[in-house]
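Visitor: I would like to look at this structure and ask about it piece by piece. Could we have it in view before we start?

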4 protein chains.
Amino acid sequence: MRIGVIGLGRMGGNIARRLIDGGHECVVHDVDAKAVDGLAGEGATPAHSLEELIAALPAPRAVWVMLPEGKITAEAVKRLGEALSPDDVIIDGGNTFYKDDIDRGTALLEKRIHYVDVGTSGGVWGRERGYCMMIGGEKEVVDRLDPIFATLAPGVGDIPKTKGRDSRDARVEQGYMHCGPTGSGHFVKMVHNGIEYGLMQAYAEGFDIIKNKASHQLPEDRRFDIDVADVAEVWRRGSVVSSWLLDLTASALAGDPGLDGFEGRVADSGEGRWTIEAAIEEAVPADVLAAALFARFRSRADHPFSDRLLSAMRFQFGGHKEAAGPEEKKTKT
Amino acid sequence: MRIGVIGLGRMGGNIARRLIDGGHECVVHDVDAKAVDGLAGEGATPAHSLEELIAALPAPRAVWVMLPEGKITAEAVKRLGEALSPDDVIIDGGNTFYKDDIDRGTALLEKRIHYVDVGTSGGVWGRERGYCMMIGGEKEVVDRLDPIFATLAPGVGDIPKTKGRDSRDARVEQGYMHCGPTGSGHFVKMVHNGIEYGLMQAYAEGFDIIKNKASHQLPEDRRFDIDVADVAEVWRRGSVVSSWLLDLTASALAGDPGLDGFEGRVADSGEGRWTIEAAIEEAVPADVLAAALFARFRSRADHPFSDRLLSAMRFQFGGHKEAAGPEEKKTKT
Amino acid sequence: MRIGVIGLGRMGGNIARRLIDGGHECVVHDVDAKAVDGLAGEGATPAHSLEELIAALPAPRAVWVMLPEGKITAEAVKRLGEALSPDDVIIDGGNTFYKDDIDRGTALLEKRIHYVDVGTSGGVWGRERGYCMMIGGEKEVVDRLDPIFATLAPGVGDIPKTKGRDSRDARVEQGYMHCGPTGSGHFVKMVHNGIEYGLMQAYAEGFDIIKNKASHQLPEDRRFDIDVADVAEVWRRGSVVSSWLLDLTASALAGDPGLDGFEGRVADSGEGRWTIEAAIEEAVPADVLAAALFARFRSRADHPFSDRLLSAMRFQFGGHKEAAGPEEKKTKT
Amino acid sequence: MRIGVIGLGRMGGNIARRLIDGGHECVVHDVDAKAVDGLAGEGATPAHSLEELIAALPAPRAVWVMLPEGKITAEAVKRLGEALSPDDVIIDGGNTFYKDDIDRGTALLEKRIHYVDVGTSGGVWGRERGYCMMIGGEKEVVDRLDPIFATLAPGVGDIPKTKGRDSRDARVEQGYMHCGPTGSGHFVKMVHNGIEYGLMQAYAEGFDIIKNKASHQLPEDRRFDIDVADVAEVWRRGSVVSSWLLDLTASALAGDPGLDGFEGRVADSGEGRWTIEAAIEEAVPADVLAAALFARFRSRADHPFSDRLLSAMRFQFGGHKEAAGPEEKKTKT
């Protein structure tokens with residue numbers, strides 16, 4: 001089918017390409033005219049304005065918005081809402097806060113414009129592997145867009161079938177799921193990213209423990225000096241902790257076992273934060289997911305005020321000087 | 001090659017079977033004579049005593065010990081150490097504490113008996129999928145046992161190759177790794193299990209947040225009622241959180257979406273605990289791995305003393321009564 | 001001075017009493033007419049409606065709202081805002097979310113009605129010990145109310161003076177602080193409660209560790225059987241962990257060393273939750289405060305879905321049965 | 001009574017002084033002859049060797065060992081054990097691991113020498129405020145030393161009496177407690193320090209949240225700019241979080257509100273670590289105490305390997321660059 005795509009960055013561009021590869025017609029727009037022209041060279045119909053894009057789409061229209069930033073997405077959806085017609089549909093494929101989706105969906109419904117929120121996982125690998133999609137919105141509208149989702153999804157591939165799913169929604173095995181009403185797609189994607197943080201931190205701590213294992217008390221020929229790149233690789237085969245994130249870890253460590261190319265300042269997007277806020281709203285304990293988020297905050301602070309306050313208290317009650325470095329001995333004999 | 005296997009439980013029995021399938025000769029022993037006879041019917045040579053087992057093996061002998069319990073394994077290794085001859089090798093495939101390995105290896109070396117510690121991951125799936133093995137011990141001895149490890153390992157399979165590994169140890173891609181001197185195999189396996197706890201808890205918290213999402217403030221047709229079995233399935237395809245543990249989660253939820261077959265009392269083996277102790281010894285922060293361990297402790301306690309103490313303090317300073325149930329309202333307006 | 005007090009529960013009633021004891025005139029109102037009449041018997045002027053209360057106060061009026069619940073407080077402030085006149089002031093002494101304060105203050109300012117948010121700590125002990133108050137609002141308005149705050153505050157008492165404060169605001173040493181503009185009082189009180197949760201949980205975990213110390217491997221005359229009530233008492237004298245919460249712990253344990261009078265279901269008010277949300281907004285790591293909050297959530301859930309999911313995964317990969325009880329052995333030898 | 005004191009550092013010197021002030025005779029020894037002579041000038045009997053110290057004490061002797069380091073203490077106890085006679089008693093007032101106490105006590109008992117472990121809290125303030133003491137050892141021996149403990153303890157002071165303690169051990173209200181057999185004193189002191197870490201971290205996180213509160217979205221006259229030194233001071237009066245650690249925090253902030261005199265590298269002694277190990281041995285959840293310990297580890301590491309691994313994974317799956325600084329925006333609109 002024919003669909004508009006707004007936002008041709010890393011994600012949006014590849015989504016358009018995968019759709020074109022799958023036989024769809026894409027009308028593409030971006031504030032960066034070069035990006036538009038570039039994709040025109042790969043088979044897309046260029047649109048150098050929102051109006052041009054809308055004019056190039058048959059009613060009822062479908063426009064996929066793939067923009068990086070909360071405010072930019074909000075603005076684009078707002079402008080689309082003003083320009084589109086009843087029965088058209090706006091698809092937000094970005095990482096919007098699910099409560100914002102609900103507000104937007106409600107507002108657009110007054111104009112009888114539909115809103116579909118799609119949580120999209122797959123990163124830079126999505127064009128090749130396909131995108132895992134978590135979709136929220138009205139049933140009829142999601143069904144109408146099925147050809148788009150079917151093309152973007154990874155498909156069954158060679159992933160072993162899960163037993164006991166025969167009576168269940170077959171689309172899920174293709175890699176896309178209609179999660180429920182507006183907002184539910186981004187809600188599931190939000191938790192997905194919250195889990196992602198937790199998984200990443202679990203690996204990170206484990207490898208840190210292996211990396212720091214010293215056994216100086218042992219004779220030299222019996223000391224541990226474990227190759228973390230090999231550890232990551234061996235765990236990919238038959239172990240309980242095998243995963244795609246481990247595959248990526250093995251790749252990263254094979255090329256740079258000391259990870260000297262990185263400084264260790266780890267960004268976090270909104271989803272990790274909103275996941276904890278959702279847990280708090282629901283009174284669900286989320287110790288691991290919160291600890292993973294806080295580790296990222298901490299990675300970006302040189303020394304938080306909290307650390308200095310600990311030092312100040314220790315000085316007050318014990319006259320203790322600050323520690324010089326990472327090493328601290330404990331005094332079991 | 002010809003090898004002895006002691007301990008024919010879930011793990012040991014399947015290891016013997018996979019070795020036999022791979023063309024090796026197994027002399028098998030267990031305190032349970034039926035287990036020995038059963039495996040004899042599958043091609044193993046039965047041994048109804050340790051002495052019988054030793055007598056049936058050519059020097060230098062190799063004996064794989066696969067016993068469940070610290071003390072039982074320790075006792076078996078001790079008895080083997082007394083009965084075996086110089087240049088023989090004892091392989092401990094269980095979950096021994098790596099510092100115990102170092103002590104045992106040192107003691108056995110005085111008799112010139114070799115000791116190899118093998119961390120073995122793969123669970124009940126290992127016979128079919130192969131076992132991921134993390135091996136500690138002397139190079140010559142580990143090399144001598146290579147045919148055994150090569151058979152037990154999963155092999156390359158259809159897992160995509162990691163780039164940049166061309167100059168590295170090829171055995172690792174087969175699914176087994178010589179991690180270093182005695183103890184290092186079980187050390188890596190220990191951290192593996194520590195990570196495993198962290199990964200599991202990350203998924204568990206995330207699914208709990210999805211499961212508990214209520215949106216009662218919304219009209220009925222716009223409430224979230226998200227199918228967690230489908231979520232687990234869809235994430236298997238193209239998402240960042242895909243993993244073998246997620247595959248298992250999808251299986252479990254497909255059959256029993258409410259997990260009503262489980263009560264929620266979660267055991268922990270020693271490795272998760274020792275991982276935190278290792279982190280503490282090394283002064284490595286391990287917030288996620290520790291939280292995952294504590295969640296298991298908590299799952300087995302009905303109400304710890306700590307909970308009651310909180311209630312007692314709240315009563316003291318505020319006259320507060322205890323909460324009635326899981327629901328607590330917060331009072332943002 | 002003459003002041004209105006709305007809400008005569010545990011907190012509001014004692015605040016009125018302490019004000020009357022301090023020579024102020026209180027016009028009191030509550031939906032419960034008995035509470036109003038009761039306090040009239042203790043020297044207050046009864047008001048059986050909002051209108052009556054307003055009529056009994058001289059302009060510019062001051063009304064202290066001390067109501068337990070977000071919505072009830074919001075409704076009372078709204079009705080007061082409609083009924084009061086320019087230059088009157090509404091004091092919210094409850095536990096309102098500080099962003100709601102900012103919204104309310106802004107709305108009331110349009111009518112030139114002032115709004116002061118007062119975080120009030122002291123619990124059931126406040127009437128006797130005085131209330132620690134954290135105050136947000138316009139300087140002139142807070143100054144106008146100073147006689148009220150001075151009476152409610154604990155005063156200097158016999159608490160040792162902090163060195164280096166000579167040039168600082170003297171009111172702070174009396175136990176009340178003008179924290180800044182509207183909302184800042186409840187913001188500081190919110191973090192106060194967040195810290196309170198953390199402190200309580202630290203004690204709770206520590207006493208749990210002492211309580212559970214078993215030393216069964218030792219001969220009977222050398223086993224530990226430590227009296228936690230005595231531990232709490234001894235720490236009150238000269239130790240680094242002495243605190244008011246420890247005093248309360250000692251009281252609780254002296255009367256009921258096993259805390260058998262409590263079940264262990266621990267409520268949480270909004271402040272602990274909002275503290276974590278504030279930390280997340282600011283990207284400040286708050287591992288301890290979050291863990292303390294989650295421990296309360298967990299205390300109210302019998303077995304969260306997360307626990308059952310862990311059991312389900314363990315069954316899937318290892319055929320593991322669930323644990324029977326709190327005891328788990330580790331297998332170091 | 002007459003007692004030997006070995007180790008005249010910050011703690012040992014003041015203990016000797018408080019004993020002398022209380023009318024006891026102290027025979028003092030230290031490797032630093034100047035420390036010995038200095039204390040001789042304050043009324044102690046100098047001993048320039050262990051032998052001299054032993055010779056100057058009447059049988060049965062009591063020797064208080066107050067040395068900073070596991071190995072140094074162990075060595076001193078060993079030498080004393082060799083030099084002392086049956087019925088003499090060695091008191092270890094330091095921070096020895098309680099399992100080491102049990103081993104030492106057992107070894108010394110073979111020679112009929114007694115061993116008493118005393119956990120001593122009070123820091124640099126102890127000489128003036130008295131020391132809170134947690135004591136492990138045989139009843140008769142602890143009773144024999146009662147005059148020493150009574151002098152060192154803070155005494156009842158002006159701390160309000162806890163109700164319901166009338167039938168309980170009166171020594172506890174003086175600030176010292178016989179916790180049980182050998183090791184139990186240091187066990188209780190260990191948990192004390194574990195709690196101390198948790199309390200400190202709770203305050204540290206809370207003040208960090210106040211310090212980092214920005215409200216740039218508000219007009220200038222309504223922004224928060226909260227004085228943390230005043231917050232600490234006001235909470236000392238009537239609030240639920242008042243404590244001795246808060247008193248110290250108020251002192252530190254009054255002198256240096258930005259804590260610019262500290263870098264934020266926070267040492268940890270063994271007790272915090274052993275507390276977590278004890279929790280793990282007992283299967284008691286200790287999320288807050290562990291998080292407090294890990295925060296100290298983290299404060300001493302510039303960027304742990306774990307941080308770099310997170311960055312590496314993010315680059316692998318999303319092509320993400322590392323974060324530039326502490327600020328990260330979330331994208332709720």
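Visitor: Which residues in helix 13 of chain C meet helix 14 of chain A?
Guide: Helices (H or I, at least four residues) and strands (E, at least two) are DSSP runs, numbered from the N terminus, and contact means heavy atoms within 4.5 Å. From helix 14 of chain A come A:Leu293, A:Phe294 and A:Phe297. Their partners in helix 13 of chain C are C:Ile276, C:Ala279 and C:Ile280.

Visitor: How many residues of that contact are nonpolar?
Guide: Ala, Val, Leu, Ile, Met, Phe, Trp, Tyr, Cys and Pro count as nonpolar, Asp, Glu, Lys and Arg as charged, and the others, Gly among them, as polar. In the contact of helix 14 of chain A with helix 13 of chain C, no residue is polar and none is charged, and the number of nonpolar residues is six.

Visitor: What kind of model is this, and how are its parts labelled?
Guide: Residues are numbered from 1 along each chain as its sequence is written, chains are lettered from A and ligands numbered from 1 in the order in which they are written, and side-chain values use heavy atoms, with hydrogens and water left out. Local features need pLDDT of at least 70, side-chain atom pairs count only at pLDDT 80 or more, and totals for chains, interfaces and linings use all residues, as this is a predicted model.

Visitor: Are helix 14 of chain A and helix 13 of chain C parallel, antiparallel, perpendicular or oblique to each other?
Guide: Axes are lines fitted to C-alpha atoms, for helices over the stretch in contact, and angles run from 0 to 180 degrees between N-to-C directions. Here the axes are 10 Å apart and the angle is about 40°. Angles under 35 degrees count as roughly parallel, over 145 as roughly antiparallel, 65 to 115 as roughly perpendicular and the rest as oblique. Helix 14 of chain A and helix 13 of chain C are therefore oblique.

Visitor: At what angle do helix 13 and helix 14 of chain B cross?
Guide: Helix 13 of chain B (residues 270-282) and helix 14 of chain B (residues 287-300) have axes that come within 10 Å. The two are oblique to each other, because oblique takes in the angles left over from the other classes. The crossing angle is roughly 140°.

Visitor: Which residues of helix 14 of chain B make that contact?
Guide: On the side of helix 13 of chain B, the contact is made by B:Gly272, B:Arg273, B:Thr275 and B:Ile276. On the side of helix 14 of chain B, the residues are B:Leu289, B:Ala290, B:Leu293, B:Phe297 and B:Arg300.

Visitor: Is C:Ser311 buried or exposed?
Guide: C:Ser311 lies in helix 15 (residues 305-318) of chain C. Leaving aside neighbours within four places in sequence, C:Ser311 is in contact with B:Phe262, B:Gly264, B:Arg265, B:Val266 and C:Glu322. Buried means under 20% relative accessible area, exposed over 50%, and partly exposed in between (1.4 Å probe, protein chains only). With a relative accessible area of 4%, C:Ser311 is buried.

Visitor: What is the phi of C:Leu259?
Guide: Most residues other than glycine have a negative phi. C:Leu259 is in the loop between helix 12 (244-255) and helix 13 of chain C, and at 0% relative accessibility it counts as buried. Although C:Leu259 is not a glycine, its phi is positive, at about 55°.

Visitor: Which residue does a cis peptide bond join to B:Ala59?
Guide: Most peptide bonds are trans. In the loop between helix 3 (50-55) and strand 4 (62-65) of chain B, a cis bond with omega of about -10° joins B:Ala59 to B:Pro60.
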